[in-house]
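Hi,

Here is the structure I said I would pass on.

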Amino acid sequence: MLGNTVVKLSIENNSAALLARIEKEAGTSVNLCYQCGKCSAGCPVAFAMDYTPRKVIRLLQLGMVDEALKADSIWICATCETCSTRCPRGVDIASLMDTLRREALAQGKITDKKVAVFNEAFLDGVRSFGRTYEAGLLMKHNLKTGQLFKDAELGLPMMSRGKVSLFPHKIKARNEIKKIFDRVNKMGGE
Ligand code: SF4
Ligand code: SF4
């Protein structure tokens, strides 16, 4: 009985410490939120989320950090910042979503592995060329997820119209981008 209580307290302490770290990294506090719902009302992708932005904040307020980390919503968020701009209490929801994504990646809490593959392929492109390389991103993603011809019917016409290039465009200051990646690596962020 005492053992169960100790385990419960320890989980609660861990989730409180984790939430404190997430809030610090996001530069905002979930306790400012009074659940008005303005963030969800303005979010362009809330319809596709399992938890609307307001509910993600509520999960965090209730200490259900694990639930928030496993939510599809954090991956559906498009970082448009509408929510943060609309919030009357100044809660930076977009920054929280971003921090939750990084934490979920770090903890390997991604229910859909395709998301992790997409992230990796995207970052590989930026690291190598200094900007996104859409064709390479799609090819790498499809190869690693075993869906070789996924979206080919969209990609090929876009290439033929010059909307997507088969070859990557490189920026000149790639060294600067590399330095950013190195710094992030040193901070344990990648
Ligand atoms: S808009 Fe701000 S105060 Fe209102 S529910 Fe969203 S986070 Fe909370
Ligand atoms: S930043 Fe994310 S959660 Fe906020 S409104 Fe945009 S898509 Fe929705």
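The shell around ligand 1 has nine nonpolar, two polar and four charged residues (Ala, Val, Leu, Ile, Met, Phe, Trp, Tyr, Cys and Pro count as nonpolar, Asp, Glu, Lys and Arg as charged, and the others, Gly among them, as polar). Of these 15 residues, Cys-33, Cys-36, Lys-38, Cys-39 and Cys-87 come nearest; being near takes a C-beta atom, placed from the backbone, within 6 Å of the molecule. Helices α2 (38-42) and α3 each supply at least two residues here (helices are DSSP runs of H or I, at least four residues, numbered from the N terminus).

Before going on: this is a predicted model, where local features need pLDDT of at least 70 and side-chain atom pairs count only at pLDDT 80 or more, while totals for chains, interfaces and linings use all residues. Residues are numbered from 1 along each chain as its sequence is written, with chains lettered from A and ligands numbered from 1 in the order in which they are written.

Ligand 2 has 14 residues around it, and Cys-43, Cys-77, Cys-80, Cys-83 and Ala-94 are the closest. By class they are ten nonpolar, three polar and one charged.

Cheers
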